[in-house]
Amino acid sequence: MNYNEAKNFIKEKESLGIMPGLSRILALLSDMDNPQDKMKIIHIAGTNGKGTVAATIADSIANSGFKVGLFTSPWVIDYREQIQINGEFISEDSLAKLIEKYGGANCSEFELLTAIMFKYFADCKVDYAVIECGMGGRDDATNVEKENLSVITSISLDHTDFLGKTIEEIADNKSGICRKNSDCVLYSDEFENIFKDKCRNLIISPLSDNLSVVNTVMDYFGFESANALKTLPARQERKGGILLDGGHNVSAAKFLAPKLSNETAIIGMMKDKDIDGYLEIIAPKCKKIIAVGVNNPRAISNSELAEMAKKYCNDVSVAENALSALKCNPSLICGSFYMIREIYNLI
């Protein structure tokens, strides 16, 4: 199986959708001799900022001379970017061999990728593995280790069909990555009552921002502080004169909105998001919106998205996809990492 065959094979599992629960991945990891128990794990959950926090922590520890694995999702530029060691993507050959060996397991795409990540990091003997949760915490496929340092970024409403209808229920779900024998770094004291009994020691970041969370982790391990957060693709990234942001919930919209004024925007979104809540914040900042379809079974159609956007913007049109919408010379592309992925390398 070559790399392209392997990538197509694992991506075909996306049709299985989100499959909460740990039984499948635990069985697969058992077949791999439980690689997740052979490394120090820093496990990160939260609604927004967890990818940036994870990448900055990994970089900062690597700069102290250690071998550090980083697992983040979703990917934007290259499928392999989800599994890195000291900033280097897993090789095409390594990923293909692992998919070929373990691809027959009964599991989702994310479960297989997560198991492969643990196996690869264990085989490469990383000193630390910085692991970003895919969704939530308690039932996420990454939640399989016996001990960790758990790190919780800001929490807000998202994935309510899976994680809970209230912010407290969502916080409780994310607290599922905590271990009674391990410590937890918390973004703020807002949900202290939920987390304090789930871990050995609760350490609250002195400032409610992502860099403070990173440096609380650095202090915990005795490493040098980070001066700035790492910039990740499509996280308020400017590329070719266009602002790209894959954030898809109300909190992400509130963070993005102050940077917007009179934009021509390409917007695509998943139908399981609070689309109206997002558009209410972003759309009034736009002079023109092109609603697009996204090549994902979870995506809202361009026509449905356009109808919702018309409540907040007078000039709304539709395009079949983001590629065809580029001719409108957008200044903003937002609402979905999956959409930005389709055109990122063309911008």
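How many aromatic pairs does the structure hold? The structure, a predicted model in which local features need pLDDT of at least 70 and side-chain atom pairs count only at pLDDT 80 or more, while totals for chains, interfaces and linings use all residues, holds nine aromatic pairs. Residues are numbered from 1 along each chain as its sequence is written, and side-chain values use heavy atoms, with hydrogens and water left out.

**View 1. Tyr 128 and Phe 221 form an edge-to-face aromatic pair.** The ring centres lie 5.4 Å apart with 75° between the planes (rings of Phe, Tyr and Trp, the last by its six-membered ring, pair if their centres lie within 6.5 Å; planes under 30 degrees apart are stacked, over 60 edge-to-face, the rest tilted). Tyr 128 in strand β5 and Phe 221 in helix α9 (residues 210-221) are 93 residues apart (helices, H or I of at least four residues, and strands, E of at least two, are DSSP runs numbered from the N terminus).

**View 2. Strands β2 and β5 run parallel.** Four bridges join β2 (residues 68-71) to β5 (residues 128-132), where two strands pair if DSSP finds at least two bridges between them. Gly 69 stands opposite Ala 129 in β5.

**View 3. Charged ends sit over the rings of Phe 255 and Trp 75.** The charged end of Lys 259 is 4.7 Å from the ring centre of Phe 255, and that of Arg 341 is 4.0 Å from the ring centre of Trp 75 (NZ of Lys or CZ of Arg within 6 Å of the ring centre and within 35 degrees of the ring normal).
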